[in-house]
Amino acid sequence: LILNFDYATAQFSPQAIERLAGHLLNVLAQLVKSAQTRLATISLLSPAQEAASIAASSAPATQPALWVHQRIAQIAQQAPTHTAVIQGEHRLDFASLDRRANRLAHALIARGVGPEVRVAVALPRSEHLLVALLAVLKAGGAYVPLDITHPAERLAYLMNDCAAALLLTDSSLTAQMNQATSARVVEIDRLDLASWPSSDPAVTVHADNLAYVIYTSGSTGQPKGVAVTHGPLAMHCTRIGERYGMTPADCELLFMSFAFDGAHERWLTTLTHGGRVLLRDEVLWTPEQTFDALHRHGVTVAAFPPVYLQQLA
C-alpha cells in the first residue's frame, strides 16, 4: 500500500506534511488494534507527542519586559525623530508623541487617575486622541474609548457601567458629552500642559491592572464591557507584531473605529514596533480615497471590514 501526498508548496512545508502523515499513521495503527474503536476516541498524536503537547501548553507564558506604553517610550528615546502618527499632511514624531503624553499623564495623575481608575475618552479621530489614550496608560489608568457619533443614551450607559471617574474630551464636544455623564469633565484643548513635566511619570502597574475597557456592539442586549489588562495586552501586541513581521519601516492605515477592539490591537502593535500610524479623519473615505492614501503614504498594513474590502478590491 503506497500513499503519495500532493500539496501546494507555497502553503505547506515538507515538515507540515510529515506531521500530517504521522497523524494518519497514528489513526491507522489504532484502528488495526481494534476495528471497533470509535473515531471520536482516536488521537492524532502518539503518546510521546501528546505528552510534549501537554508540557508545552502548561508552561507559563513569558511576560514581555515592558508594557505597551513603556515600549513606545523606549522607541521615543531610540528613534525620537521617526514619524509615529500621520494625519493629512501633518506628521508627529515619537519624541513629540511621548512628551505630550507625559505632560497629560501628569495632569491626569493630579486629578486622581491611577491604577484601576477608568477614564472615558471622547475625542475626534486625530493625534490628540492617540496622545490621550497613551497618557491614560502612562498615568496608570484604564481608558474607555467612546465613539462621539453614538447616541447620548448609549454613551451615558457606557460611562455609568464602567464607573468612569473622568471624561477626557474637548471644548467642542463638552455640551454634547455633558448630557451623557455626571463624571468630571476635562477639556483637553483647554489644559495648560506646558506647565507639567515632560518626563515619564513612571507609574508602577502590574500585569493584572486594567489597560482599557472596550464595549461590544450591544446588538443582543446591553453592551458588555470587556476588561483588557496590561500583561495579556503586551503579550498580544508582541506576538501579533511577530506574526505580521512588523518593523519600523511599516506604515499602518488605521481605518477602524476606536470603539472597536481591533483598532487598539493595531495602533499599539504598530507603535510598539516603531512603525507609523496613518489616521483617516471622521469622514468615511471612499475606496478611491483609501486607494490613493495606501499608495501615497506607502502603507504596508491595513485592516478593513469585509464589505469595504470588497469595494476596495
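Buried means under 20% relative accessible area, exposed over 50%, and partly exposed in between, with a 1.4 Å probe and protein chains only. The model is predicted: local features need pLDDT of at least 70, side-chain atom pairs count only at pLDDT 80 or more, and totals for chains, interfaces and linings use all residues. Residues are numbered from 1 along each chain as its sequence is written, and side-chain values use heavy atoms, without hydrogens and water.

Q: Why is Phe-304 called buried?
A: Phe-304 has 17% relative accessibility, and the cut-off is under 20%. Phe-304 therefore counts as buried.

Q: What makes Phe-255 count as buried?
A: Its relative accessibility is 4%, so Phe-255 counts as buried.

Q: Why is the pair of Tyr-143 and Tyr-212 called stacked?
A: Rings of Phe, Tyr and Trp (its six-membered ring) pair if their centres lie within 6.5 Å; planes under 30 degrees apart count as stacked, over 60 as edge-to-face and the rest as tilted. The centres of Tyr-143 and Tyr-212 are 5.2 Å apart and the planes stand at 10°, so the pair is stacked.

Q: What makes Phe-255 and Phe-304 an edge-to-face pair?
A: Their ring centres are 5.0 Å apart, with 65° between the planes; edge-to-face requires over 60 degrees. Phe-255 and Phe-304 also form one aromatic cluster with Tyr-308.

Q: How do you know that the charged end of Arg-280 sits over the ring of Phe-255?
A: A charge sits over a ring if NZ of Lys or CZ of Arg is within 6 Å of the ring centre and within 35 degrees of the ring normal. The charged end of Arg-280 is placed over the Phe-255 ring, 4.9 Å from its centre.
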